[in-house]
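Please keep the sequence and the structure in view while reading.

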Amino acid sequence: MSSSGSGGKDLAEGSSSSTPSDCHHQNPGGGTLSRYESQKRRDWNTFGQYLNNQRPPIPLSQCNSNHVLDFLRYLDQFGKTKVHLQGCMFYGMPEPPAPCTCPLRQAWGSLDALIGRLRAAYEENGGSPETNPFASGSIRVYLREVRECQAKARGIPYKKKKKTTNPTKGNDESSSTLHFS
């Protein structure tokens, strides 16, 4: 990737703009990579390019969760999800009747999937699970805040799924349903 702008754009659009021919890429080892593996490699390369484009460049060995958070915020400029601001008349409306000037952002689900791929790529590229900046608590907090903010702005309630018994079967203990607490 030759420029920082196109690298982020590829990352931001990679999973939604792929074509059937994108599904398998040649692997230097001879086989083909799955779509997930190809996306993970592309994301990893884009993140590395992002670190190299910082002034001064940041070596991967010195990368921390703050750099990851900065990267996620940087990606917002390539987002396609309208996130209404609190002063907007459409704030909290899932389907606003007209356009507005609120910003486009990366969707929470895209960021969550990206972090999952980068977390795996970090360890596959020699990083220790104990020092994985993508597995940091601050990243989880950031993603939770993005999810909640986007849900409120778009009027979509995110409710925590409760692990309960299946209402159609009742509380019959002879049921074969497994319950975890």
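## Helix H3 and its cap

A polar contact is a pair of N or O atoms within 3.5 Å, where, within protein, one atom must be able to donate a hydrogen and the other to accept it. In this predicted model, Asn-64 caps the N-terminal end of H3, with one of its side-chain oxygens placed 2.8 Å from the backbone nitrogen of Asn-66.

Helix H3 is largely enclosed by the rest of the structure, because eight of its 11 residues are buried. Those buried residues are Ser-65, His-67, Val-68 and Leu-69, together with Phe-71, Leu-72, Tyr-74 and Leu-75.

## Asp-76 in the loop

Asp-76 is found in the loop that lies between helix H3, which covers 65–75, and strand E3, which covers 81–82. Which residues does Asp-76 contact, leaving aside its neighbours within four places in sequence? They are Leu-104, Arg-105, Gln-106 and Tyr-142.

Although Asp-76 is buried, it has no salt bridge, and the nearest side chain of opposite charge, that of Arg-105, is 4.0 Å away.

## Cysteines without disulfides

The structure holds zero disulfides. For Cys-102, the closest cysteine sulfur belongs to Cys-88 and lies 3.6 Å from its own sulfur, which is too far for a bond, because a disulfide needs the two cysteine sulfur atoms to be within 2.5 Å.

Cys-102 has a relative accessibility of 7% and therefore counts as buried, while Cys-63, at 10% relative accessibility, also counts as buried; the cut-off for buried is under 20%.

Terms used
Residues numbered from 1 in each chain as written. Predicted model: local features only at pLDDT ≥ 70, side-chain atom pairs only at ≥ 80, totals over all residues. Heavy atoms only, no water. Helix = DSSP H or I, 4+ residues; strand = E, 2+ residues; numbered from the N terminus. Buried < 20%, exposed > 50% of the residue type's maximum accessible area, 1.4 Å probe, protein only. Lys, Arg positive; Asp, Glu negative; His and termini not counted. Contact = heavy atoms within 4.5 Å.
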